[in-house]
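Have your viewer ready and your selection tool at hand. We will go from stop to stop, and at each one you will hear what to select and what is there.

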Amino acid sequence: MKYDVVIGCEVHVQLLTETKAFCSCRNTFGGEPNTRLCPVCTGLPGALPVANQTLVEYAVLAGLAMNCTIVPVTKFDRKNYIYPDMPKGYQISQFDMPICEKGFLEIDTDGGLKKIRIIRIHMEEDAGKNIHTEDRSGLSHVDLNRAGTPLLEIVSEPDIRSPDDAVAYVQSIKHIMEYLKISDCNMEEGSLRCDANINLWVYEGDKKYATPIVEIKNMNSFKAMKAALEYEILRQKEEWTTKRLLLKDVGKVTRGYQEKTQSTILQRHKEESAEYRYFPEPDLKPILIDPAWVESMKSRLPELPAQKRKRFAEEWGLPELDIGKLLVDAELAHYFEAACKEYKGEPKKVANWVITEIGNMLNKESITIIQFREKVPPESLGELLNRIDSGVISGKMAKGIFSDMWAEGKTPEQIINEKGLKQIDDQESLKDIVREVLDQNPKTVEDYKNGKENVLSFLMGQVMKATRGKANPRLSQDLLKELLQK
Amino acid sequence: MKELIGMSLSELKEKLDKKEMSTVELVRAYLDAFEADRKHEKPLNGYIEVFRDSIEKAEKADEARVRGSARPLEGLPFAVKDNIVIKGKHATCASGVLKGFCSPYSATVVKRLVDAGMIPLGRTNMDEFGMGSSCEYSIYGATRNPVDRDLTPGGSSGGSAAVVASGQAPVALGTETGGSVRTPASYCGVYGLKPSYGTLSRYGVVAYGSSLDQIGILAKTPQDIALMLSFAAGADPHDMTSAPTNFTNCSPLKERDIKGLKVLLPTEFLGEGIDPGIKQKVESFAQWFKKNGAQVDTDSVPILQAAVAIYYIIAPAEASSNLARYDGVRYGNRVRQTANLEEMYVKTRSEGFGKEVKRRIFIGNYVLSSGYYDAYYKKAMQVRTLLRREIEKVFSKYDLILSPTSPCPPFKLGEKVDDPLAMYLTDICTTFSNLALIPSLSVPVGTTGAGLPVGVQLAGNRFREDLLLEVAAMYHKEGSR
């Protein structure tokens, strides 16, 4: 069976504005249910929305970062549907005049960079949450804290050709949002949500058949997203083989991903598709966007992942793989660059430390790079690496010092001085130690002289043990060889 | 006390300022008038509720006067239509669906008037959610016309008009979407201003047709309206559609020279369907203009004929969305013991809304649904744009548009209740102002031969409320001469 996978994504991101989209309630995550409310976000009779200027700014920033056209005139519309978590019976959204249009993203895939076109980005408000009790009362509760949280919906063209690419696409949006500092894009907390439309183009001879489009909802992690899409490909292949259903006959259906079974189940047929009765929101005036203002917003854009990728290759000469790992987090990339400024050696060495040592530390301690740098500023890492190069400490010692730097929040110099960790570089004192080691191990010395040169590492170990790791390794090795010759 | 309750707001203000009476006396007079009327065999039923705490507030107002810390409108009472929210008070829009709802906040206009010292006397009856022209579609029953208790007071702000006309309040707030202040004003023989869209904040006004809704003021004199406007108007950060107007200097009203004013009498509002007695009143108003040196032209503005038709598409469309929130989930009345969510919605809404409201929700959902949107809602919005342009053209040549307020005098209660089309046609002269966002004032001009009150409508360019009120004041002065 010859086929292409065709995927388009609708991504929702919650914006980190100080206040909600249309009222002055604080916009933060969670909290005691129904504590961040006012007449507007609870939809009380007579209350009116007032558009948050920052929402418009963030939408423009996101649009510029994703290479979109920012329209000169935009407006809000009402999307009408009734649900207990929708206090007004409609959602303030945008219908036919979204603020951003026609953009694209380049995503990093195994097959190189791929361009995914973006149809539109629009502004809207989030709903509250329904909470269903599991007890016998059968009661359901509504928490409206989230109601009115500003969202951007980013809609892609169906340009994505595999589940891995879909994940890469959404991750790339996440990175951009984080670089712009306009969303924290936490999939578990729901500040990044993705629905995917997927179908197959099946090729038979010179004919191409499109299978029905399935919109998949409820993918709450990147892992779930990949699993859901992979499952759906298998299911659609099977369905094509057995039923030969076509898009033009069936249209679009909605399926929900089930974490437990790692499969999707049917939620809604096309006939049941909602009638939203969109019309312009009469309570909010159309928004005129001054092109000069948009230009000025461009200067507020930070260096974005794609630009950084290019520059890191040119400026620091790093391999692709390292760059990819550093760019996952703008702050990590920033840390790397700051450390490089301090360090006099090869940037690659800094990259290794940032990716491996710091990466492990962040995992182990469950902290962010921002929390880490509060105790270990990048300059300290550069300084630590400088010490290795100048021979003050060994690489092995450096790792110990690095742990102490995090634990105690001190500079490498402080730790080296306090703990007397300075490498023993003095030829004469080291010679004494080496001699002592040899004297204590006459049998090993004998072995060496009989040609067993690999015992040298055992002897090195003994020297390190005697110096508690402080012996200069190269010097120790030279001295060992020298004295063993005698 | 009968004397007191017949006075205008400005006269009362003067009496209070001169300490010729106390606020408590004044408020009690209105409450007594209300109580007395309840014993009438056909009570007016203008109020849904009178606020007993208004006496306490009156006591505080009197204390403030003694202390010398009286605010500009200290102690002056006003009535509030039941779709404008007041903190700590119920607001039901005369609908079963909002039974029990108590507002935790006040509408901006109420807040401004209360901050200036005014005292809310009570909530007035209305057609449910403002949908009606006779004040009969109310869960609290119809309001009667004080002029003839078997007649409708007009709607939807019929309660507000009735309490002002009957001396149960000196002034009242109503709301307009397509004539709901002007029609009852004309039927009850009082002044009713529908300000320009944006003059008065809509924050706290329960939405019916959001792009048309506007608070209106009902009073005994143009000066009273000007006084209220001077404190209530101005941009509101809670309402993005409010305008940065400044009416602080409109009161007291200035002498207005009628000479040189250009007035248009559109033939669309003088033809078929207009009661001859009313037509005659409009013509004699035109004579008054001419006598005082104004130029009055009679001409056709064909697009005015489209106003009612597009109004009854746009207003229900917005209403269908605005009324979606009344689902029993968060506030108001919920039908309990239902099997599931959908049944709760269906029963709550089926039992909560009256038939006229349901009719408009159906119409609204229909005209907004895909497949019909282009033919109805979109087309109506396009015609609305044309109408606005035509009205702008009229005002590039004229200062005022003169017409009847209602095509017919007040009719019998029950007469049109089951004939929605006949009811809708009573709005024929008023809806264009809401659609074109302009101010209009209904001026009481006496009665028909049969003794029924008649209102004549003056419409002006956007934010020219001052002109309407000044012209009406000149007419008023002459009339009382």
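What volume does the largest pocket have? It comes to about 1,900 Å³. To find this pocket, select A:Tyr81, A:Asp195, A:Glu215, A:Lys217 and A:Tyr276, the closest to its centre of the 49 residues that line it. Colour the lining by class and you get 15 nonpolar, 15 polar and 19 charged residues.

Before moving on, some ground rules. This is a predicted model, in which local features need pLDDT of at least 70 and side-chain atom pairs count only at pLDDT 80 or more, while totals for chains, interfaces and linings use all residues. Residues are numbered from 1 along each chain as its sequence is written, chains are lettered from A and ligands numbered from 1 in the order in which they are written, and side-chain values use heavy atoms, with hydrogens and water left out.

On a 1 Å grid over the protein atoms alone, a pocket is an open set of points with protein on both sides within 12 Å along at least five of seven lines, whereas a cavity is a set where a 1.4 Å probe fits but cannot get out; lining residues have an atom within 4 Å of a point. A volume is the space filled by probe spheres set on the points. Ala, Val, Leu, Ile, Met, Phe, Trp, Tyr, Cys and Pro count as nonpolar, Asp, Glu, Lys and Arg as charged, and the others, Gly among them, as polar.

The largest cavity has a volume of about 90 Å³. Select A:Val40, A:Cys41, A:Pro49, A:Lys88 and A:Glu125, the closest to its centre among 15 lining residues. That lining has 10 nonpolar, two polar and three charged residues.

Next, go to chain B and select B:Gly132, B:Ser133, B:Ser180, B:Tyr311 and B:Asp427, which of 14 lining residues are the closest to the centre of the second largest cavity. This cavity has a volume of about 70 Å³, and its lining has three nonpolar, nine polar and two charged residues.

For the last stop, select A:Gln236 in helix α3 (residues 222–243; a DSSP run of H or I, at least four residues) of chain A.

Definitions and conventions:
Helices (H or I, at least four residues) and strands (E, at least two) are DSSP runs, numbered from the N terminus.
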